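Colleague: I am new to this structure and would like to learn how to read it. Could we start with a salt bridge and work outwards from there?

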Amino acid sequence: MKKIVFMMALLINIAAIAQVKDSTATFKKRVLENTEVDVLLSYYNQDGVHSAVNGGIGSEKLSDIASNIVVAVPLNDDDVLTFDVGISAYTSASSSNINPYDDSGASGASSPTPWQASSGASRSDQLASASVNYSHNSDDRNDIWNADVSFSNEYDYTSIGFGGGFTKLFNEKNTEVSVKANAYLDQWRPIYPIELREYAQYGASFQNTGYFSGVPVFEQNGARSQAYLPAAFEPYEKTNRNSYSASISVSQILTKKIQLSVFMDVLQQEGLLGTPYQRVYFTDKANYYVGQAQYIPVYNTSENKGVYQLADDKERLPSTHFKIPIGARLNFYINEYVVARTYYRYYQDNWGIQAHTASIELPIKISSSFTAYPMFRYYTQTASDYFAPYEKHISTEKYYTSDYDLSKFTSNQYGLGFTYTDIFTRAKIFVLGLKSIDLRLNHYTRSDGLSANIGSLGFKFLLE
């Protein structure tokens, strides 16, 4: 009888232990409780006077409208699948001048100029993108694995990407170490400036055949000429661009009020790294123009209303690019109303560029639902070894670009954001509960004359 009682007691204890384990598994906190839907809308516009398409001068007017939908779906307690789909549409005075002549052709164009947008097809384009990310968390939430794939496409460019990472939390989750790696296998469909395209197709006789047939070409002094010959131009042999990156970051909670994280990335690019439609003009070559010859003396000013200079060549850059950014973030809890988020990054590459970035953001809690985010960002960089302004390159150089993104400059960005949060999701749109609204406005200025305005509006919903 005692043995029976003992065995019954043992079975009851085992069942109790199993029930505790099952209860722990059943009530384990999910990584993501509900499906989340993020909707982001953004608007960007800029202007400047150093268009790379026009060889370093001309209008840089551009406007872009973009939208993204991000859906994060909990597959179970530990796994989350995230879908991100986006589309953007832009119009650009700069890219419109890949072909600066209107739709009627070179012979019908009365006012080609780098200071105004052309009405041709290259003035606008659309970019579509999609990515999928899968993440898995261990039972103790100290190990996180993730993998992702992505795809994007526009008129002349397609990109396929994939990657993954691992995050480890320890020291009671006060320390976090993350490593990740990505690869992007991209393919250009090169579009060259119209005069170089015609030269590639018809050779030296292109002024008498095709698009430029019967179109007068002028020398610097305004006299007609048949001598224009962009002999330096050759179409690219390879049209792929592969990018590889690896990164490591370490985050540490130092005190109750201070968190520090440091990171380092290593990036390598190979293939076609120049932009096929960006012109270059040589100082040791004669200049040739199409349009109204009276505007040649004021060509590089906005007074030029009707003449365009024919390119000597397209941009040429090395087929490899190695980059190393190293940085740190320091977040400091000031009080229950204000947190300081600071950031610094040092960048160096093998094209001769060194850069420093510093920023600060101060989330200010206005109420239990509203937070304001004033921010400031400063950036400075040296010029690439391959950069020179309009008509400063010489034809004997191996590599050359007049893209001011590779020039020496400093920039400042000022911004203000507002976030509304409702943790109870009281506002409803069908089956979606509104969790937060985020509005951000930024103004950007650069020492080379470029300025831009950026606005974004985001909504986060919970699927209930």
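Modeller: Asp78 makes a salt bridge with Arg141, and the closest N and O atoms of the two are 2.8 Å apart. Keep in mind throughout that this is a predicted model.

Colleague: Where in the chain do Asp78 and Arg141 lie?

Modeller: The pair joins distant parts of the chain, 63 residues apart. Asp78 sits in the loop between strand 2 (62-74) and strand 3 (79-92), while Arg141 sits in the loop between strand 4 (124-137) and strand 5 (143-154).

Colleague: Is Asp78 buried or exposed?

Modeller: To call a residue buried, its relative accessible area has to be under 20%. Asp78 has 13%, so it is buried. Arg141 has 18%, so it counts as buried too.

Colleague: How many salt bridges are there in total?

Modeller: The count comes to 14. A salt bridge needs a side-chain nitrogen of Lys or Arg within 4 Å of a carboxyl oxygen of Asp or Glu. Arg426 and Asp422 form one of them, with their closest N and O atoms 3.4 Å apart.

Colleague: How do Arg426 and Asp422 stand in terms of accessibility?

Modeller: Exposed means over 50% relative accessible area. Arg426 is exposed, at 59%, whereas Asp422 counts as buried, at 2%.

Colleague: Which residues are linked in a network of salt bridges?

Modeller: Glu36, Asp38, Lys435 and Lys460 are linked in that way.

Colleague: What kinds of residue make up the lining of the second largest pocket?

Modeller: The lining divides into seven nonpolar, three polar and six charged residues. Asp313 counts as buried, since its relative accessibility is 0%.

Colleague: What should I look for on the surface?

Modeller: One thing to look for is a group of nonpolar side chains. Here a nonpolar surface patch of about 780 Å² is made by Val179, Ile248, Val250, Leu254, Leu260, Val262, Met264, Val266, Phe322, Ile326 and Leu330.

Colleague: Which strands each supply at least two residues of the nonpolar patch?

Modeller: They are strand 8 (240-253), strand 9 (258-271) and strand 14 (320-333). Strand 9 gives the most, with four residues. Val250, a member of the patch, is found in strand 8 and is partly exposed, at 32% relative accessible area.

Colleague: What about the backbone angle phi?

Modeller: The thing to check is a positive value in a residue other than glycine. Lys173 has such a phi, near 65°. Lys173 lies in the loop between strand 6 (157-170) and strand 7 (175-188), and is partly exposed, at 39%. Glu391 also has a positive phi, near 60°. Glu391 is found in the loop between strand 18 (370-381) and strand 19 (409-421), and is buried, at 18%.

Colleague: How many residues apart in sequence are Gln309 and Lys173?

Modeller: They are 136 residues apart in sequence and 62 Å apart in space, C-alpha to C-alpha. Gln309 lies in strand 12 (residues 307-309) and is buried, with a relative accessible area of 0%.

Notes
Residues are numbered from 1 along each chain as its sequence is written. This is a predicted model: local features need pLDDT of at least 70, side-chain atom pairs count only at pLDDT 80 or more; totals for chains, interfaces and linings use all residues. Side-chain values use heavy atoms; hydrogens and water are left out. Ala, Val, Leu, Ile, Met, Phe, Trp, Tyr, Cys and Pro count as nonpolar, Asp, Glu, Lys and Arg as charged, and the others, Gly among them, as polar. Buried means under 20% relative accessible area, exposed over 50%, partly exposed in between (1.4 Å probe, protein chains only). Patches are made of residues with over 30% relative accessible area and no salt bridge: like charges are joined within 9 Å, nonpolar side chains (Val, Leu, Ile, Met, Phe, Trp, Tyr) within 5 Å. Accessible areas come from the Shrake-Rupley method with a 1.4 Å probe; for residues, only the protein chains shown count as cover.
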